[in-house]
Amino acid sequence: MDYLLVLAGLVLLIFGGEGLVRGSVAVARKLNISELVIGLTLVGCGTSMPELVTSLRAIDTGAVGISIGNVMGSNIANILLVLGAAALVKPILTNPGALKRDAAVVIGATAALCWLIWLDAFTRLSGFLLVTALVLYIILSLVADMKGNTPEAEMHAGEGEMVEAPYGIVKGLLIALAGLVGIVFGARFMVDGAVGIARDIGVSEAVIGMSIVAVGTSLPELATSLVAARSGKADVALGNIIGSNIFNILGILGVTALIHPFSVMQNHAGDIAGEAMQGGGQSIVTSTDVGALVLSLFFLFLFGMTGKRIARWEGGLLLAGYALYMGLLFNIIPVPALL
């Protein structure tokens with residue numbers, strides 16, 4: 001039954017997220033909103049909505065591991081799995097000039113995430129700061145991109161143009177509303193099923209969040225990136241992945257901590273602590289998880305920013321890295337002593 005719940009959740013999250021994005025974009029176009037604004041706001045927020053609702057549902061039910069695992073696992077999967085698969089289908093030509101600003105932001109956001117994990121400081125204040133950083137990023141990006149035909153502006157406009165939404169305002173609103181409903185129920189099914197699977201197979205909720213839940217909520221990015229790569233708009237695929245990772249950290253974790261502060265520490269009995277755990281305990285986020293997140297980002301910029309091209313062999317290497325991480329996560333491959 002738990003596996004059926006996860007499957008139903010996946011389907012609802014995928015189609016719900018697609019409906020929300022398409023419906024919202026259709027309405028925005030009818031209101032004469034530019035593709036630049038659509039790409040930077042609606043597409044970025046819309047593709048991250050499944051992760052957001054899933055994380056909020058997980059926190060609300062006490063499944064902190066699924067919530068934090070969903071965000072970290074999605075960011076890892078976006079690079080190693082999604083980008084790797086897209087490059088394997090067709091080598092990705094990149095424009096480093098269009099990625100500099102977003103690259104700096106995603107590096108800063110990832111550093112902030114690692115710091116918050118280290119301090120176990122997912123408080124309302126940190127949530128507010130993360131959300132504020134996201135709002136500033138969007139505003140400053142829009143202001144900078146609207147000043148001229150910059151590489152960044154072309155990339156974000158391309159993200160908007162990739163969305164096919166030939167609907168009127170009323171139909172667009174109905175599709176967006178149906179998509180939002182699908183996401184809400186999909187998140188409920190996903191979290192409930194994931195918690196049950198974790199208990200059945202004897203692994204932590206964080207492991208399920210990093211794997212099954214993360215891959216499920218990353219499927220929209222996978223579909224978008226594959227289409228972009230095959231249609232010759234590979235820079236859009238790369239920009240979509242970087243943008244999604246920014247929204248995941250600043251938006252999802254920010255909103256989650258703002259609404260419901262949480263702790264990544266658990267006591268020796270396995271119970272999640274309150275907002276501020278005193279004394280011992282162990283983090284539900286391991287050094288292996290943090291290492292995979294940091295290394296995935298390193299390889300993203302090594303392949304995407306230096307050679308102006310992500311070749312098929314590099315895509316294969318990214319996929320191999322994801323397989324290695326999954327092996328470490330489920331203890332199929334022994335964890336090295338240094339980790």
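1. Leaving aside residues up to four places away in sequence, Val 106 touches Ile 242, Asn 245, Ile 246, Leu 297 and Phe 301. Val 106 itself belongs to helix α4, which spans residues 96-119, and with a relative accessibility of 1% Val 106 counts as buried, the cut-off for that class being under 20%. The C-alpha atom of Val 106 also lies 9.1 Å from that of Phe 247, although 141 residues separate Val 106 and Phe 247 along the chain. Please keep in mind, here and below, that this is a predicted model.

2. For the chain as a whole, the secondary structure comprises eleven helices and four strands. The chain has 339 residues, of which 52% count as buried.

3. Two packing contacts of helix α2 deserve a look, beginning with the one made with α7. Helix α2 (residues 35-60) and helix α7 (residues 169-201) have axes that come within 9 Å of each other and cross at roughly 50°. The crossing in which α2 passes α7 is right-handed. On the α2 side the contact is made by Met 49, Pro 50, Val 53, Thr 54, Arg 57 and Ala 58, and these meet Ile 183, Val 184, Ala 187, Arg 188, Met 190, Val 191 and Asp 192 of α7. Sorted by class, the residues in this contact of α2 with α7 are nine nonpolar, one polar and three charged.

4. The second contact of α2 is with helix α5 (residues 124-146), where the axes are 11 Å apart and the packing angle is about 160°. An angle over 145 degrees counts as roughly antiparallel, so α2 and α5 are assigned to that class. As α2 passes α5, the crossing is right-handed. Here Leu 36, Val 37, Leu 40 and Thr 41 of α2 meet Tyr 137, Ile 138, Ser 141, Leu 142, Asp 145 and Met 146 of α5, and the residues of the contact of α2 with α5 divide into seven nonpolar, two polar and one charged.

5. How many aromatic pairs does the structure hold? There are five. In one of them, the rings of Phe 298 and Phe 299 have centres 5.4 Å apart and planes at 70°, and the pair is edge-to-face because the angle is over 60 degrees. Both residues are partly exposed: the relative accessible area is 49% for Phe 298 and 28% for Phe 299.

6. A further edge-to-face pair is formed by Phe 303 and Trp 313, with 6.1 Å from centre to centre and 65° between the planes. Phe 303 sits in helix α10 (residues 287-305) and Trp 313 in helix α11 (residues 312-329), so this pair ties together parts that are ten residues apart in sequence. The two partners fall into separate accessibility classes, Phe 303 being buried at 6% relative accessible area, whereas Trp 313 is exposed at 58%. Taken together, ring pairs link Phe 298, Phe 299, Phe 303 and Trp 313 into a cluster.

7. Most residues other than glycine have a negative phi. Asn 32, however, has a positive phi, near 65°; Asn 32 is placed in the loop between α1 (2-30) and α2, and at 70% relative accessibility Asn 32 counts as exposed. Asn 331 likewise has a positive phi, near 60°, and is found in the segment after α11, where Asn 331 counts as exposed with a relative accessibility of 61%.

Technical notes: Residues numbered from 1 in each chain as written. Predicted model: local features only at pLDDT ≥ 70, side-chain atom pairs only at ≥ 80, totals over all residues. Heavy atoms only, no water. Phe/Tyr/Trp six-rings, centres within 6.5 Å; stacked < 30°, edge-to-face > 60°. Buried < 20%, exposed > 50% of the residue type's maximum accessible area, 1.4 Å probe, protein only. Axes fitted to C-alpha atoms, helices over the stretch in contact; angles between N-to-C directions. Left-handed = near helix turned anticlockwise from the far one by under 90°. Contact = heavy atoms within 4.5 Å. Nonpolar A, V, L, I, M, F, W, Y, C, P; charged D, E, K, R; others polar. Parallel < 35°, antiparallel > 145°, perpendicular 65-115°, else oblique.
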